[in-house]
Amino acid sequence: MTILSFTLILLVGAFLAGMLGSLTGLGGGVVIIPLLTLVFHTDIRYAIGTALIAAIATSSGSASAYVKEGITNIRLGMFLEIATTTGAVIGALIAVFMPTNVVAIIFGLVLIFTALMSFKPKKEYVTDEDTSELARKLRLNGAYPTPTGPVPYTVHRVAGGYFMMMFAGIMSGLLGIGSGALKVLAMDNIMRIPFKVSTTTSNFMIGVTAAASAVVYLQRGYISPGLCLPVVIGVLAGAFGGSRLLVKANVKRLRLVFSVVISLLAIQMIYNGYTGKL
């Protein structure tokens, strides 16, 4: 395979990954890494480094729009970023020394968990008196805009969400994906933040978390410009196209198909990791 054909195929694959990630909210990294490792037989560490660079680009582009709209809780995001960046550095340091087949098995298990979590019903929590004392002291409670006016909400169990975010950061640094399912557990299930706020705040945090992990991969030489350039271009173009199609697409049906696909990829990753092919 020539360099030109490899780049074109990678560009198309990254475009589809960005589009599917934008439409389903599961992120492009869950497709990019299996594409590089299973199709192009790239070392999984280089695949993770490439996915981290793509995550920085996509998060930087989309997060600014949510911040401008006032949905993102910046104060909460910056507080939880302490946990995720600490975890991301720890995860990245573990990944460069961990055997690649073990990383592949963990990646496959997390993919299956992510696919299952994508079907979990989303709840919209609102303000109540049973809020966290720590949330009041740190001024983490807020409100998000709606057509009928701002809707206030309160933050609960700050400590539990903080430690779950640290674990999500470790998984992000270890596997090169956004760990969105774990962040939903932290912000939606534990801290009881409205879904719109949790998803936009998570998107705001992903870029910083990925940057912290990427520094370790860059120092170890696991980030290749030849892989990163077409992937970043393709993912950004796909994410933009996906956002345009989001209004017309049947997201529930697409989420089902996409979850089945990534579950099959996860099984293949686990099998290859178990047999030592990765």
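L175 touches I33, I48, V103, I106, F107 and V110, leaving aside residues up to four places away in sequence. The model is a predicted one. L175 belongs to the largest nonpolar core, where L175, I33 and Y217 have the most contacts inside the core. The chain holds 11 helices and 2 strands.

**Cores**
- The largest nonpolar core has 48 residues.
- Another core lies apart from the largest one and has 21 residues.
- F79, A135, Y144 and A186 are among the residues of this other core.
- In soluble globular proteins, nonpolar side chains tend to be buried together.

**Overall layout**
- From the N terminus on, the elements run α-α-α-α-α-α-β-β-α-α-α-α-α.
- The chain has 278 residues, and 49% of them count as buried.
- Take the contacts between residues at least 6 apart in sequence: 83% of them join residues at least 24 apart.
- The accessible surface of the chain is about 12,900 Å². Carbon and sulfur atoms account for 70% of that surface.

**Helix α5**
- Helix α5 covers residues 100-117, which is 18 residues.
- From its first C-alpha to its last, α5 reaches 26 Å. That is close to the 26 Å expected at 1.5 Å a residue.
- The buried residues in α5 include V103, F107 and V110. These three are also among the residues that L175 touches.
- T100, A104, G108, L111, T114, A115 and M117 of α5 are buried as well.

**Salt bridge**
- The count comes to 1 salt bridge.
- E133 forms a salt bridge with R136, and their closest N and O atoms are 2.4 Å apart.
- Both residues sit in helix α6 (residues 133-138). E133 and R136 are 3 residues apart there, so about one helical turn separates them.
- E133 counts as partly exposed because its relative accessibility is 43%. R136 has a relative accessibility of 43%, so R136 counts as partly exposed too.

- I267 has its place in helix α11 (residues 251-275).
- I267 counts as exposed because its relative accessibility is 51%, and exposed means over 50%.

Note on methods
Residues numbered from 1 in each chain as written. Predicted model: local features only at pLDDT ≥ 70, side-chain atom pairs only at ≥ 80, totals over all residues. Heavy atoms only, no water. Salt bridge = Lys/Arg side-chain N within 4 Å of Asp/Glu carboxyl O. Helix = DSSP H or I, 4+ residues; strand = E, 2+ residues; numbered from the N terminus. Buried < 20%, exposed > 50% of the residue type's maximum accessible area, 1.4 Å probe, protein only. Expected span 1.5 Å × (residues − 1). Core = buried A, V, L, I, M, F, W, Y, C linked by side-chain atoms within 4.5 Å. Contact = heavy atoms within 4.5 Å. Areas by Shrake-Rupley, 256 points an atom, 1.4 Å probe, with all protein chains shown as cover.
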